[in-house]
Amino acid sequence: MTTPTQIASNRQNSTLSTGPRTEAGKIASSKNAISHGLSGADPVLAYENRADFQKLVVTYSTEFKPDTGHQTFLVSQMAGARWRLDRVQRIENAAIDLILAAPGELIDTPDHKIAQRMLDSGGDPLPRLERYRASIERSYHRAVKELRTAQKQQIQNEASSTRAPGHKVVKKIVTPPRPTFHGYEDDEIELDEPGTSLRATENSAM
């Protein structure tokens with residue numbers, strides 16, 4: 001249990017800024033999402049193909065069959081997370097290319113430019129990319145979990161509204177498969193729930 005002393009200490013600590021303090025630092029920090037696009041609102045960067053992203057959204061929608069606006073939003077969140085994960089892998093590969101490149105060798109692709117900017121900012125970009133990867137994967141799996149819950153609740157609501165003597169309601173939930181992301185073995189990715197199909201069955205006699 002948190003003591004009054006700890007609460008007072010936490011409040012005091014919260015007043016101490018841990019962010020950039022200089023104007024240059026604030027400007028650099030404000031451009032982080034723009035520089036690599038791994039935490040921006042729009043999953044598609046200017047140099048990427050938006051049509052390919054829309055195809056990914058359609059593929060997910062066809063596979064998971066969202067029935068409501070909320071379910072459609074969750075599917076789009078899954079597609080956006082998957083798009084960013086692919087970008088993380090490309091930038092990671094580009095960073096390794098730059099690290100191993102010969103002095104003076106110029107590799108001028110958008111992904112390499114992003115990797116170069118991360119290298120120029122100081123430190124090893126690979127651990128930073130791993131943190132982004134882990135954060136994006138958590139977002140993906142949260143959307144998966146919420147989609148399962150929403151579909152299960154919808155089935156229960158439909159069963160309650162269509163209940164009739166001798167009527168049996170059986171509807172299968174489309175369960176997202178367990179994705180294998182680049183850089184991870186399948187058994188290294190933790191899911192919130194087992195990736196099995198859910199089935200809701202209701203008998204009016206019960």
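Trainee: Starting with glutamate 130, how does it count at 30% relative accessibility?

Mentor: Glutamate 130 counts as partly exposed at that value. The cut-offs are under 20% relative accessible area for buried, over 50% for exposed, and partly exposed in between, with a 1.4 Å probe and protein chains only. Before we go on: this is a predicted model, where local features need pLDDT of at least 70 and side-chain atom pairs count only at pLDDT 80 or more, while totals for chains, interfaces and linings use all residues. Residues are numbered from 1 along each chain as its sequence is written, and side-chain values use heavy atoms, with hydrogens and water left out.

Trainee: OK. What does glutamate 130 form a salt bridge with?

Mentor: Glutamate 130 pairs with arginine 133, and their closest N and O atoms are 2.9 Å apart. A salt bridge here is a side-chain nitrogen of Lys or Arg within 4 Å of a carboxyl oxygen of Asp or Glu. The two are separated by about one helical turn because they sit 3 residues apart in helix H7. Helices (H or I, at least four residues) and strands (E, at least two) are DSSP runs, numbered from the N terminus. Arginine 133 is buried, at 2% relative accessible area.

Trainee: Which residues do salt bridges with shared partners join into one network?

Mentor: Glu48, Arg87, Arg90 and Asp111. The search of the whole structure finds 8 salt bridges.

Trainee: How far apart are the closest N and O atoms of glutamate 48 and arginine 87?

Mentor: They are 2.7 Å apart. Glutamate 48 is in the loop between helix H3 (32-36) and H4, arginine 87 is in helix H5, and the two are 39 residues apart, so to speak a link between distant parts of the chain. Glutamate 48 is buried at 11% relative accessible area, and arginine 87 is buried at 0%.

Trainee: And what about arginine 90, how does that one count at 31% relative accessibility?

Mentor: Arginine 90 counts as partly exposed. Its side chain also meets that of glutamate 48 in a salt bridge, at 2.7 Å from N to O. Arginine 90 lies in helix H5 and glutamate 48 in the loop between H3 and H4, so this pair ties together parts 42 residues apart in sequence.

Trainee: Changing topic. Which residues of the largest nonpolar core touch the most other members?

Mentor: Tyr60 and Met78, out of 28 residues. Such a core is a set of buried Ala, Val, Leu, Ile, Met, Phe, Trp, Tyr and Cys residues joined through side-chain atoms within 4.5 Å. H4, H5, H6 and helix H7 (125-161) each supply at least two residues of this core. H5 gives the most, with 12 residues.

Trainee: What does tyrosine 60 touch?

Mentor: Leaving out residues up to four places away in sequence, tyrosine 60 touches Lys65, Val75, Met78, Ala79, Arg82 and Tyr140. A contact means heavy atoms within 4.5 Å.

Trainee: Where does lysine 65 lie?

Mentor: Lysine 65 is in the loop between helix H4 (50-64) and helix H5 (69-100). Its phi is near 50°, a positive value in a residue other than glycine.

Trainee: Now histidine 112. Where is it found, and what does it touch?

Mentor: Histidine 112 is in helix H6 (residues 110-120) and is buried at 11% relative accessible area. Not counting residues up to four places away in sequence, histidine 112 touches Ala94, Asp97, Leu98 and Ile107. Its C-alpha atom is 6.7 Å from that of alanine 95, which is 17 residues away along the chain.

Trainee: Which residues make the nonpolar surface patch of about 300 Å²?

Mentor: Ile96, Ile99 and Leu100. Patches are made of residues with over 30% relative accessible area and no salt bridge; like charges are joined within 9 Å, and nonpolar side chains (Val, Leu, Ile, Met, Phe, Trp, Tyr) within 5 Å. Isoleucine 99, in helix H5, is partly exposed at 46%.

Trainee: Last topic. What is the mean pLDDT of the chain?

Mentor: The mean is 75, and 59% of the residues reach 70 or more. pLDDT is the predictor's confidence in each residue, from 0 to 100. Over residues 13-20 the pLDDT is below 50, and this stretch has 3 contacts in the model beyond near neighbours in sequence. Residues 23-36 are also below 50, with 17 such contacts.

Methods. Accessible areas come from the Shrake-Rupley method with a 1.4 Å probe; for residues, only the protein chains shown count as cover.
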